[in-house]
Amino acid sequence: MEQTAKKAIRVACVGNPNCGKTTLFNALTGAKLKVANWPGVTVEKVEGQTSYEGIDITLVDTPGIYSLTCYTIEEKVTRRCVMDDDIDVVINIVDASSLERNLYLTLQLLELGKPVVLALNMMDIIRERGMEIDLHRLPEMLGNIPVVPVSATKRTGLSVLLHAVIHHYEEGAGEYILRYPEEIESKISQLEALMEKHYPTHSSVRWHAIKLLEDDEDVKEEHPIQVEHVVDRSYEKEIIQCKYAYIEKLVGECLFHREKKAAATDKIDRLLTHPVLGIPVFLLIMALVFFFTFTIGDALKGVFETGLDLFSGAVSRGLDFIHVSGWLKSLIVDGIIAGVGGILTFIPNIFILFLALALLEDSGYMARVAYVMDSVMGKVGLSGKAFLPMILGFGCTVPAIMATRALETEHDRRKTMMVTPFMSCSARLPIYVLFSGMFFGKYSSLAAFSMYVVGMAAAILSAMVINRMEKGRINDSLLIELPEYKRPNARTIRIYVWNKLKDYLTKAGTTIFIASIAIWFVLNFGPSGLVEDPAESFGAMVGKLLVPLLKPAGLGMWQIVVALISGISAKEVVVTSFAVLFGVSNANSAAGMAAIVSNVQAAYPGFGALNAYCLMLFCLLYVPCAATLATVRKESGSWKFTLKMMAFEILLAWCVATLVFQVGSLFL
Amino acid sequence: MTLYEAKKDGRYTIEGLSVEPSITRRLQALGLNDGTRIQVLNRKRKGALIIKVRGTRLALGRHISSHIEIQEESGEEA
């Protein structure tokens with residue numbers, strides 16, 4: 001065959017959710033994709049390269065699936081990918097610690113008729129629990145496919161795995177090991193004959209015949225043939241039960257010393273999923289996350305401040321030394337360094353936040369949150385699973401919106417997309433830190449923390465209002481697997497946090513850099529050219545137009561309008577524009593904050609804590625950043641929905657800020 | 001009885017599923033078939049519960065659990 005001559009092959013990594021596909025993919029290709037310990041982290045397929053003994057291997061990482069009959073978007077991605085003719089070999093990653101469930105997908109993959117290599121992951125857990133797997137009997141019972149024990153985290157067994165992939169590719173697929181009862185087998189043969197007649201070149205005839213017998217909608221659509229005379233009803237139940245019966249037999253022969261004592265996970269769950277304490281414990285954990293973010297982050301920021309001050313001073317003197325014209329010096333020092341540098345001083349806070357989120361995600365707690373919050377979410381018409389994207393929203397809204405793909409219905413997805421931006425993302429953190437630091441003194445952490453609570457409440461309440469308007473019901477269809485707790489893995493955490501910091505730095509170097517320059521121009525140029533007083537600039541002209549609208553919310557300053565508008569490019573830019581507006585080189589330092597406060601109060605004498613709080617509220621609730629809007633547009637496929645969302649959010653931001661300002665003014 | 005009425009720490013055998021076909025299919029793929037043995041690990045008074053089935057833990061909402069017909073297991077271990 002010409003197969004052996006081929007020097008490049010495509011291999012798909014397929015397996016149940018949370019069995020370690022992405023960890024293995026990272027180990028094999030050197031990629032640094034996000035890994036965490038909850039089902040549904042990977043929602044897109046990703047390709048990577050590796051090679052073994054001179055053969056180029058393209059690996060495709062896929063979202064996890066329990067079965068080839070699937071119903072969420074990410075699962076369809078996987079199914080399509082595996083079925084694709086250009087996939088030469090399938091690596092089926094199996095979590096050895098839950099062999100019985102994982103092998104169900106394996107049996108389906110074997111029916112596809114493609115070469116399958118079984119990567120037996122998490123063997124260390126098996127050994128820890130004193131269990132043993134018979135590695136001779138297991139492959140025998142799976143039609144003599146290669147079974148390779150690997151550890152994706154410890155990176156062992158990888159060469160053996162690649163060797164098996166190449167070797168097995170050259171050998172081709174094994175035999176079908178699972179025989180169904182006579183009645184079903186005869187129907188399968190009839191359907192196979194029909195398939196071969198209509199689609200003579202088809203590669204996985206048996207699989208399609210079985211799927212037709214299961215009455216699979218997608219297969220019927222893709223291969224419309226008359227089968228009613230054979231398929232008098234769906235045989236799906238029998239087929240599934242046959243598979244599981246076979247697995248039970250297999251597990252009985254291959255797996256020894258099945259665990260007797262309750263795993264540590266169950267003990268931890270007694271507290272974390274406690275019927276009464278579950279929610280308070282969750283809130284406490286989140287409170288700790290933000291407490292550390294503010295306190296430790298603030299303690300570390302001094303280092304950055306000193307560095308930035310030195311840098312800014314040096315550049316300023318350097319520019320003087322080479323006699324750069326005044327406006328250019330202003331652009332560089334007051335525009336770029338103030339705008340970008342000011343954002344960089346928040347790195348310690350961002351770092352701690354993502355470290356905490358990484359630990360949360362990698363420990364196995366995430367899926368429990370879905371269970372714990374299910375009753376609250378259910379009342380507003382969403383499943384507890386919809387809370388997972390919302391937690392991701394504390395990091396960044398963009399991946400959070402993408403994570404909604406794991407939700408079952410389009411309706412739930414849209415609703416979750418609508419409310420997820422209310423979860424305070426890391427980009428809003430600098431705004432909170434800055435304004436609470438400037439106006440709330442020793443209560444600053446509390447003021448900042450309250451934004452997270454208000455955001456969560458806004459998300460849940462708006463979901464409730466939407467549910468009322470739709471006359472929706474209680475949603476109580478939660479279905480999620482709860483993984484074992486595990487000690488967070490250092491490499492996983494490092495990759496996670498580094499990726500996020502890199503994103504933040506990239507954003508500082510691109511979006512925020514450009515926004516700083518743009519803001520500087522808008523504030524330094526007016527109809528008559530370069531202006532001395534920013535109040536005569538283009539920025540001020542536009543800002544002043546909208547001031548009357550924001551006045552009731554306590555935000556009637558054209559500078560704030562400029563900051564809010566430019567903040568749509570990225571939320572940090574709100575801070576950037578204050579820095580540029582007042583030429584403060586380091587907004588996050590005590591001196592910088594004092595400079596902004598005195599400037600703000602000079603322009604707007606009454607501006608105090610209440611106004612600052614309203615500004616924070618407005619920034620929390622109003623239009624999400626451009627990147628989020630683009631993602632929502634892409635994921636919902638609808639401009640109408642995206643615009644509706646924007647309108648809703650602006651309106652809510654205005655109403656809440658106005659209400660708080662008006663009521664607050666009565667008392668203060 | 002249905003799974004929704006099950007007690008914490010109780011062990012049961014599944015007798016039938018009667019949720020909508022898409023969820024039934026999903027549950028079957030997860031290994032919840034007629035005759036499968038399950039153990040209830042934790043539950044809220046009203047609402048979702050956590051079960052152990054085939055060595056894995058699943059959280060199920062009320063809508064699903066109240067459409068799973070079960071029978072209490074008389075014996076000792078599962």
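**Notes on the predicted two-chain model**

1. The contact between the chains draws 38 residues from chain A and 31 residues from chain B. About 3,200 Å² is buried between chain A and chain B, and carbon and sulfur atoms give 51% of that area. Across this interface there are nine salt bridges, and 21 residue pairs are in polar contact, both residues being at pLDDT 80 or more. On the side of chain A that touches chain B, at least two residues each come from α3 (99–112), α10 (236–254), α11 (264–272), α15 (365–372), α16 (374–379) and β9 (479–482). Of these elements α10(A) gives the most, with six residues. Sorted by class, that side of chain A has 14 nonpolar, nine polar and 15 charged residues.

2. A second salt bridge to look at between the chains is that of B:Arg25 with A:Glu236, whose closest N and O atoms are 3.0 Å apart. B:Arg25 belongs to helix α1 of chain B (residues 21–29) and A:Glu236 to helix α10 of chain A, so this pair joins two chains. Are the two partners buried or partly exposed? B:Arg25 counts as partly exposed at 26% relative accessibility, whereas A:Glu236 is buried, with a relative accessible area of 9%.

3. Over all chains the count comes to 38 salt bridges. One of them joins the side chains of A:Glu361 and A:Lys34, at 2.7 Å from N to O. This pair links distant parts of the chain, since A:Glu361 sits in helix α14 of chain A (residues 347–363) and A:Lys34 in the loop between α1 (21–29) and β2 (46–52) of chain A, 327 residues apart. A:Glu361 counts as buried, at 3% relative accessibility, while A:Lys34 is partly exposed, with a relative accessible area of 27%.

4. Helix α14 of chain A takes part in another such link, through A:Asp362. The side chain of A:Asp362 meets that of A:Lys486 in a salt bridge, at 3.1 Å from N to O. A:Asp362 is buried, with a relative accessible area of 2%, and A:Lys486 counts as partly exposed, at 36%. Elsewhere, a network of salt bridges links A:Glu44, A:Arg405, A:Glu410, A:Arg413, A:Arg414, A:Lys634 and A:Glu635.

5. Strand β5 of chain A (residues 116–121) is mostly covered, with six of its six residues buried. From β5(A), A:Val116, A:Leu118 and A:Leu120 point one way, and A:Val117, A:Ala119 and A:Asn121 point the other way. Strand β4 of chain A (residues 89–95) runs parallel to β5(A) and is joined to it by six bridges, and A:Ile91 stands opposite A:Val117 in β5(A).

6. A:Leu110, in helix α3 of chain A, is buried, with a relative accessible area of 11%. Which residues does A:Leu110 touch, not counting those up to four places away in sequence? They are A:Val116, A:Leu142, A:Ile145, A:Tyr176 and A:Ile177. A:Leu110 and A:Glu361, by contrast, are 32 Å apart in space, C-alpha to C-alpha, and 251 residues apart in sequence.

7. A:Arg155, in the loop between β7 (147–149) and α6 (158–171) of chain A, has a positive phi of about 60° although it is not a glycine. A:Asp215, in the loop between α8 (205–213) and α9 (217–222) of chain A, is likewise not a glycine and has a positive phi of about 65°. A:Arg155 is partly exposed, with a relative accessible area of 31%, and A:Asp215 is partly exposed, at 29%.

8. In chain B, B:Thr2 lies in the segment before β1 (11–17), and it counts as buried, at 15% relative accessibility. Leaving aside neighbours within four places in sequence, B:Thr2 is in contact with B:Ser65, B:Ser66, B:Ile68, B:Glu69 and B:Ile70.

Methods:
Residues are numbered from 1 along each chain as its sequence is written. Chains are lettered from A and ligands numbered from 1 in the order in which they are written. This is a predicted model: local features need pLDDT of at least 70, side-chain atom pairs count only at pLDDT 80 or more; totals for chains, interfaces and linings use all residues. Side-chain values use heavy atoms; hydrogens and water are left out. Contact means heavy atoms within 4.5 Å. Buried area is the accessible area (1.4 Å probe) that two parts lose on being put together, summed over both. A salt bridge is a side-chain nitrogen of Lys or Arg within 4 Å of a carboxyl oxygen of Asp or Glu. A polar contact is a pair of N or O atoms within 3.5 Å; within protein, one must be able to donate a hydrogen and the other to accept it, and residues adjacent in sequence count only if both atoms are side-chain atoms. Helices (H or I, at least four residues) and strands (E, at least two) are DSSP runs, numbered from the N terminus. Ala, Val, Leu, Ile, Met, Phe, Trp, Tyr, Cys and Pro count as nonpolar, Asp, Glu, Lys and Arg as charged, and the others, Gly among them, as polar. Buried means under 20% relative accessible area, exposed over 50%, partly exposed in between (1.4 Å probe, protein chains only). Two strands pair if DSSP finds at least two bridges between them.
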